[in-house]
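This briefing is for a reader who is new to the structure. Please look at the sequence and the model first, then go through the points below.

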2 protein chains.
Amino acid sequence: MKVTVLAGGVGGAKLAHGFALCQPDVCLTVIVNTGDDFEHFGLRICPDLDTVCYTLAGLANPQTGWGRKDETFEVLQSIGELGGPTWFRLGDKDLATHLERTRRLREGQRLSEVVNEFCRGWGIRARVLPMSDDPVRTMVKTREYGWLGFQDYFVRHACQPTVQEFAFEGIEQALPAAGVLEALESSDLIVIAPSNPWVSIQPILSVRGVASLIQSKKAIAVSPIIQGQTIKGPAAKMYRELGIEPSPLAVAQHYDALLWGLVIDEFDRGFESTIKSSGIMVLSTNTIMHNEQDRHILAKKILAFSKDSNPNQPQRREF
Amino acid sequence: MKVTVLAGGVGGAKLAHGFALCQPDVCLTVIVNTGDDFEHFGLRICPDLDTVCYTLAGLANPQTGWGRKDETFEVLQSIGELGGPTWFRLGDKDLATHLERTRRLREGQRLSEVVNEFCRGWGIRARVLPMSDDPVRTMVKTREYGWLGFQDYFVRHACQPTVQEFAFEGIEQALPAAGVLEALESSDLIVIAPSNPWVSIQPILSVRGVASLIQSKKAIAVSPIIQGQTIKGPAAKMYRELGIEPSPLAVAQHYDALLWGLVIDEFDRGFESTIKSSGIMVLSTNTIMHNEQDRHILAKKILAFSKDSNPNQPQRREF
């Protein structure tokens with residue numbers, strides 16, 4: 001069964017890993033947001049791609065969910081001693097990824113080729129694709145500082161500023177990376193991971209041709225909002241600041257026409273009927289992934305759910 | 001007393017350190033070769049500047065003479081695991097220098113400003129100046145591979161190819177860094193360190209205005225050739241491959257009109273009279289610097305030598 005997961009950072013990586021644990025029954029492709037990518041010290045840093053790859057390779061830091069396990073920070077400490085910027089916590093092993101990626105990009109390799117070769121080196125069996133080889137930069141308009149680059153907002157300002165609007169610079173010109181549309185087209189199931197709908201999933205959906213292809217396929221999203229909160233990251237805060245009550249319903253309305261089904265946390269079972277009434281299938285289950293087993297179980301439940309057919313399901317209509 | 005040292009890598013750094021140990025009696029400026037500089041992983045690497053600064057700061061690896069002491073290689077190991085190039089042995093602390101330097105250069109700082117601020121951070125009291133803020137690249141023409149970038153020749157090919165010619169790309173356009181000509185002009189003594197005459201000192205001397213200023217001042221070179229050999233590096237091999245017998249005499253002839261005096265190793269005392277006959281003052285002494293004390297002693301001997309006046313000295317004439 002061919003499954004394609006759209007993923008941002010930590011939450012997306014965990015669920016992608018859950019599907020990877022279903023291999024070889026599942027043939028997995030992960031399409032990853034690159035809107036968070038940025039240049040730091042002249043290096044191309046791809047936080048979501050790295051989080052997904054490190055997680056799939058078993059190299060991720062289990063405490064943080066991002067970065068490498070058994071990491072050291074020799075370089076960053078010396079940079080600090082020189083008065084350089086240390087707000088982005090570059091570990092030594094992680095830095096090697098950025099250095100070698102940047103070197104290869106400068107030599108003319110495409111990002112998707114670099115990712116592919118890194119994945120092979122790390123023993124990752126899933127196919128990991130950047131959403132695009134072209135530069136896209138997520139910008140966050142904030143009440144306090146105006147437009148900020150995503151990492152500026154996310155890391156330097158620790159998501160404190162109030163968001164007003166998002167923009168994806170370069171998205172008009174960005175072509176889907178080789179394999180992206182083919183993977184979506186040939187998928188039996190497309191899963192929108194529990195990543196931030198505004199800044200992790202929206203950039204992927206905004207790449208030319210992606211949303212319309214998804215609309216023609218069976219797509220299931222997993223709500224990143226649980227009881228009005230997120231496990232990690234600012235999605236719930238963003239909904240609130242944009243005047244939307246954060247809930248699985250808000251997520252359903254967000255993705256709306258793209259969805260065949262939505263997975264919501266069992267704590268949010270109360271939203272099930274409202275969402276179902278718009279014709280979206282709903283699975284209520286535990287969506288919190290504390291460990292590898294949780295990831296695996298959630299992926300298996302989504303696979304089973306995707307095979308559901310409910311004759312009593314109201315016809316699909318938009319909110 | 002104002003002393004300006006022209007220096008390349010390890011040998012130059014050691015002697016510069018000897019003069020630094022004479023502070024505050026000596027007011028020291030070190031003008032450093034940047035012809036060895038290169039880009040690696042998109043980073044600006046300045047091997048000679050770093051060797052000089054690390055040595056003056058007491059941060060240099062005492063075993064190798066270059067790189068940092070107590071160094072780790074976490075990043076390089078991970079780069080190797082990704083199949084990246086590891087021929088240039090980038091330590092973690094050293095890498096921090098390259099990353100932060102590159103970041104500042106990209107922000108528009110001049111190399112000399114960056115060096116100045118790094119020196120302050122490292123507690124270096126001497127003034128360290130790159131020969132130029134403009135890019136100069138030493139190229140080595142070899143019998144086996146044609147023209148090679150210096151680091152390619154020096155590190156990757158381990159100085160094995162046979163040299164035929166040198167070129168300093170960009171030297172015509174390179175302006176001396178701010179302070180270089182002023183330091184030379186105001187010097188009571190200019191010391192050409194026991195660095196490689198072909199690839200460490202020649203680039204400095206080729207920067208516009210430098211050689212002619214030195215010719216008008218009291219300049220003393222220290223021969224890097226001892227008993228037909230060097231302590232380190234390919235200078236002797238280069239002389240041989242270019243058809244010149246490596247000796248203090250060859251060094252004297254190399255710098256010729258620039259020199260007031262030459263310091264040769266006591267093992268080479270036999271060359272003293274020949275060199276003196278051309279009007280160059282000669283000091284024969286131990287020039288091998290095993291430890292800090294050796295560096296300090298050699299610097300003090302050079303200072304004393306520079307105050308020599310010999311009425312019987314033949315008039316200065318070129319070879």
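Phe166(B) is partly exposed because 19 other C-beta atoms lie within 10 Å of its own; a residue is buried with 20 or more such atoms, exposed with 12 or fewer, and partly exposed in between, the C-beta atoms being placed from the backbone. This is a predicted model: local features need pLDDT of at least 70, side-chain atom pairs count only at pLDDT 80 or more, and totals for chains, interfaces and linings use all residues. Residues are numbered from 1 along each chain as its sequence is written, while chains are lettered from A and ligands numbered from 1 in the order in which they are written.

**Phe166(B) and its surroundings**

- Phe166(B) belongs to strand β8 of chain B; helices (H or I, at least four residues) and strands (E, at least two) are DSSP runs, numbered from the N terminus.
- Thr138(B) is 28 residues from Phe166(B) in sequence, and their C-alpha atoms are 7.0 Å apart.

**The sheet in chain B**

- The strands β7-β6-β8 of chain B, in that order, form an open sheet of 3 strands with antiparallel pairing; two strands pair if DSSP finds at least two bridges between them.
- Its edge strands, each pairing on one side only, are β7 (146-149) and β8 (163-169) of chain B.
- On average, neighbouring strands of this sheet are turned by 25° against each other, direction ignored.
- Between β6 (residues 137-142) of chain B and β8(B) there are 6 bridges in the antiparallel sense.
- Opposite Phe166(B) in β8(B) stands Val140(B).

**The helix across the sheet**

- Helix α8 (residues 197-206) of chain B lies across β6 and β8 of chain B and runs at about 35° to β8(B); axes are lines fitted to C-alpha atoms, for helices over the stretch in contact, and angles run from 0 to 180 degrees between N-to-C directions.
- Of the 10 residues of α8(B), 7 are buried, so the helix is largely enclosed by the rest of the structure.
- The buried residues of α8(B) are Pro197(B), Val199(B), Ser200(B), Ile201(B), Gln202(B), Pro203(B) and Ile204(B).

**Phe267(B)**

- Phe267(B) sits in the loop between β11 (261-265) and α12 (272-276) of chain B.
- Phe267(B) is partly exposed because 15 other C-beta atoms lie within 10 Å.
- Leaving out neighbours within four places in sequence, the contacts of Phe267(B) are Ile226(B) and Gln227(B).

**Strand β9 of chain A**

- In β9 (residues 189-192) of chain A, both faces are covered: Leu189(A) and Val191(A) on one side and Ile190(A) and Ile192(A) on the other are all buried.
- Strand β1 (residues 2-7) of chain A runs parallel to β9(A) and is joined to it by 4 bridges, with Ile190(A) as the bridge partner of Thr4(A).
- Strand β10 (residues 219-222) of chain A is also parallel to β9(A), joined by 3 bridges, and Ala221(A) is the bridge partner of Ile192(A).

**Where chains A and B touch**

- Chain A and chain B each bring 23 residues to the contact.
- On the chain A side, two or more residues come from each of α3 (74-81), α4 (92-106) and α5 (111-121) of chain A.
- The most come from α4(A), with 10 residues.

Technical notes
Contact = placed C-beta atoms within 7 Å.
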